[in-house]
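User: I'd like to learn how to read the features of a model like this one. Could you walk me through it, one feature at a time?

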Amino acid sequence: MTPESYQLDDTDRRIVLALDDDPRVPTMMLAQRLGLARGTVQTRMERLATSGALRPNSSRVKPVSVGRGVSAMVSAELDQSHLNEAIEALRKIPEVLECVAPAGDTDLLIRAVAIDPDDLYRVSEEIRLCPGITRTSTSMILRDVIPYRTTELLKHLS
């Protein structure tokens, strides 16, 4: 089962929202709070974990907490015949947090982090020098005004 094919139902959403409030709550207490059987909660949590529907726990770590307080969006144009090489090279840059392929003029949109503006220059250069990347444009993020979230979406679907 791929993350794209797994659909959370109302019970899954209730469990995930309760874990937002207290991610370390024991399964038995979670079951009691939600009025569900312990086995149901345990099975659902295992299915959520193994299905790939949940992001890894490390994605909850804020980059500033590991000394990477500067973040940027880097748009990259590339020679399409080298797309896979570019993606493989980007995977090897630890400061690259995510990379998406949007519609439009940009081939890849990359979220990267750095220690300071000078380090951001270094990271941007590493990205620019990846095989197949022909041009980049870097926009430093001044602040996150709505950070990545799904809580409101899950509440709306409930």
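User: Let's start with the ring of Tyr148: which residue lies over its face?

Analyst: Arg55 does, at 3.8 Å from the ring centre of Tyr148. A charge counts as over a ring if NZ of Lys or CZ of Arg is within 6 Å of the ring centre and within 35 degrees of the ring normal. Bear in mind that this is a predicted model, where local features need pLDDT of at least 70, side-chain atom pairs count only at pLDDT 80 or more, and totals for chains, interfaces and linings use all residues. Residues are numbered from 1 along each chain as its sequence is written, and side-chain values use heavy atoms, leaving out hydrogens and water.

User: How do I read the sheet, and in what order do its strands come?

Analyst: Strands of a sheet pair through backbone hydrogen bonds, either parallel or antiparallel. Here strands are DSSP runs (E, at least two residues) and helices are runs of H or I, at least four residues, numbered from the N terminus; two strands pair if DSSP finds at least two bridges between them. In this model four strands form an open sheet, ordered S2-S3-S1-S4, with antiparallel pairing. S2 (96–100) and S4 (133–141) are at the edges with a single partner strand each, so one side of each has no neighbour in the sheet. From one strand to the next, the twist averages 20°.

User: How many bridges join S1 to S4, and how many join S1 to S3?

Analyst: S1 (residues 70–78) pairs with S4 over eight bridges, and seven bridges join S1 to S3. On the S3 side, Ala76 has Leu108 as its bridge partner.

User: Which helix lies across the sheet strands?

Analyst: H4 (residues 83–91) lies across S1, S2, S3 (108–114) and S4, at about 15° to S3. Axes are lines fitted to C-alpha atoms, for helices over the stretch in contact, and angles run from 0 to 180 degrees between N-to-C directions. Contact means heavy atoms within 4.5 Å.

User: At what angle do H1 and H3 cross?

Analyst: The axes of H1 (residues 10–21) and H3 (residues 38–51) cross at roughly 85° and come within 10 Å. Angles of 65 to 115 degrees count as roughly perpendicular, under 35 as roughly parallel, over 145 as roughly antiparallel and the rest as oblique, so H1 and H3 are roughly perpendicular to each other. Residues meeting there include Ile15 and Leu19 in H1, and Val41 and Leu48 in H3.
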